[in-house]
Amino acid sequence: MCMKPVVTVISCFYNAEKYIESYLNEISKQSFDNFEVVLINDGSTDQSDLLVKQLLPKYPFVKYFCQSNKGLGPARNFGLKHALGKYIYYLDIDDRIRCDALAKLVDIAETQKVDVVTFNSINTDETFEKEQWSPYKTRKIKEGIYEGEHFVNRALTKKDFFVPVWLYFYRHEFIDQVDFKFPAIVHEDCIYTIHHLIKATNVYFLQEILHERRIVATSIMHKKISEKRINGALEVLYDADKIYNAYKKTSIGIGIKNWCYLCSTLAVSTVEDSDFRKKYRVLLVKYFMSRVYMLDLKCFIRLILLFMR
């Protein structure tokens with residue numbers, strides 16, 4: 001009888017033939033060996049599928065699935081359905097984690113009995129050789145265990161809150177209890193992360209770099225801004241407003257207001273940097289006219305400047 005894996009690493013990709021072999025090689029170096037990888041091909045049109053099938057015999061811990069292109073959020077949701085691990089970690093195909101990362105994360109999750117463990121990351125060039133500036137390298141909050149709401153409030157008030165899911169290691173049962181799926185939008189991590197951390201009984205922050213993010217020029221965040229990306233930012237904004245109204249009178253109200261500022265800035269800056277300013281600036285102004293509480297001064301000024309470009 002096969003032993004159930006302790007950790008499931010979920011990774012999804014689209015046209016990633018350039019990174020697949022490196023990804024599998026890196027993840028196989030983990031000192032913790034009781035894990036599985038659920039690998040989802042989200043409708044690639046390059047040679048990714050052929051390459052994965054050629055490499056699979058070398059990596060028996062990988063479960064491989066193909067689906068039509070649905071986007072990163074739905075692909076992760078699909079991967080979670082096939083995950084057997086007690087803990088879940090979402091890792092992008094072009095990134096890597098340190099060799100002892102899973103061992104340390106499992107140890108903390110088990111000894112501290114937490115729903116989520118979070119940690120630090122660095123940015124590198126495409127070869128992982130040259131480190132680049134990263135906002136995730138060090139954090140202002142102290143290492144230790146926090147109640148979920150307290151962690152969110154503290155991180156947001158210190159302007160030290162980050163949304164990428166690859167910064168978080170989740171207890172599978174907790175994810176099932178929350179029952180909140182990745183939305184099918186760009187910026188899906190914003191909504192997924194805030195909803196899970198608010199609902200966590202406790203979160204452990206480890207002041208240590210366990211993840212390395214490869215800066216890829218062809219990633220969606222480095223491409224020309226599309227309307228799909230703008231609409232994703234708007235969905236994040238609308239969700240933030242709902243969260244604010246649910247928590248504004250609670251002990252984390254101040255932190256959640258800062259979350260509104262961040263999401264408003266995301267929406268305004270995304271429109272500002274796009275070729276669709278004229279189409280969306282009126283929509284933004286109409287939206288904020290009845291929600292001035294979502295804007296800080298800097299974002300308000302940026303909103304006004306949209307009409308001067």
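Reply: D241 has a relative accessible area of 7% and is therefore buried, since the cut-off for that class is under 20%. In this predicted model, the side chain of D241 meets that of R291 in a salt bridge, with 2.8 Å from N to O. D241 belongs to helix α8, whereas R291 lies in the loop between α10 and α11 (297–305), so the pair ties together parts that are 50 residues apart in sequence. R291 itself is partly exposed, at a relative accessible area of 23%.

Helix α8 (residues 227–247) also holds E227, and its partner K279 lies in helix α10 (residues 277–289), so this pair ties together parts that are 52 residues apart in sequence. The closest N and O atoms of the salt bridge between K279 and E227 are 2.6 Å apart. Here K279 counts as exposed, at 54% relative accessibility, while E227, at 25%, counts as partly exposed.

Another salt bridge joins the side chains of R96 and E212, again with an N to O value of 2.8 Å. This pair links distant parts of the chain, with R96 in strand β5 (residues 96–97) and E212 in strand β10 (residues 202–214), 116 residues apart. R96 counts as buried at 19% relative accessibility, and E212 is likewise buried, with a relative accessible area of 7%. Salt bridges with shared partners connect R96 and E212 with E26, K29 and R98 in one network. In total, the structure holds 22 salt bridges.

Technical notes:
Residues numbered from 1 in each chain as written. Predicted model: local features only at pLDDT ≥ 70, side-chain atom pairs only at ≥ 80, totals over all residues. Heavy atoms only, no water. Salt bridge = Lys/Arg side-chain N within 4 Å of Asp/Glu carboxyl O. Helix = DSSP H or I, 4+ residues; strand = E, 2+ residues; numbered from the N terminus. Buried < 20%, exposed > 50% of the residue type's maximum accessible area, 1.4 Å probe, protein only.
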